[in-house]
Amino acid sequence: MTYCVGMVLEKGLVLMSDTRTNSGVDNISTFRKLFHWNVPGERMIAVMTAGNLATTQAVISQLEERTKAPSERENCLLMGATMFQVATEIGRLLRTSIEDVQRANGDTGKGRFTATMIVAGQIAGMQPRLFMIYPEGNFIEASWDTPFFQIGETKYG
């Protein structure tokens, strides 16, 4: 059970997400779904996740690991020249994470390990940008015609 929304406005970006992973009469679990990284004065990048929790956390863990020793790794979040390059790399990580789990489990079916992500941010001197990344790793970008993306449960909005 997830609800995440990202919007492009004239003055910037707005991102919102819930924290609920499931619910029941006596079983309510929560987990963070909005993550962000920044270099003050240079860039701010945020990722929101929906879908299989293990899949989304595999991607977030890989992104986090890359920020721990930047001098030893090429970090797509902190060194990507454009938000398009950042979204491309996150899409690649999502696709390969899903493929790795399916291959390890001998599962060729689609759906069990899927996830969708919203990537948003701004690099100094450039416009804020918003992308929705699909499980296959491809993505679409928000525009003035379509200024928002929603992932997770669609029954809420």
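**View 1. Three strands line up in an open sheet, in the order S2-S1-S10, with antiparallel pairing.** Strands here are DSSP runs (E, at least two residues), and helices are DSSP runs too (H or I, at least four residues), both numbered from the N terminus. Two strands count as paired if DSSP finds at least two bridges between them. Strand S2 (12-17) and strand S10 (148-152) are the edge strands; each has a single partner strand, so one side of each is left without a neighbour in the sheet. On average, neighbouring strands of this sheet are turned by 10 degrees against each other, direction ignored. Such angles run from 0 to 180 degrees between N-to-C directions, with axes fitted as lines to C-alpha atoms, for helices over the stretch in contact. Please keep in mind that this is a predicted model, where local features need pLDDT of at least 70, side-chain atom pairs count only at pLDDT 80 or more, and totals for chains, interfaces and linings use all residues. Residues are numbered from 1 along each chain as its sequence is written, and side-chain values use heavy atoms, leaving out hydrogens and water.

**View 2. Here strand S1 (residues 3-9) meets S2 in the antiparallel sense, over 6 bridges.** To find your way in, look for Val8: its bridge partner in S2 is Leu13.

**View 3. S5 joins strand S6 (residues 43-51) in an antiparallel pair with 6 bridges.** A handy landmark is His36, which stands opposite Ala46 in S6.

**View 4. Stepping back, the whole protein has 3 helices and 10 strands.** Starting at the N terminus, the elements run β-β-β-β-β-β-α-α-α-β-β-β-β. Of its 157 residues, 40% count as buried, meaning under 20% relative accessible area (1.4 Å probe, protein chains only).

Key:
Buried means under 20% relative accessible area, exposed over 50%, partly exposed in between (1.4 Å probe, protein chains only).
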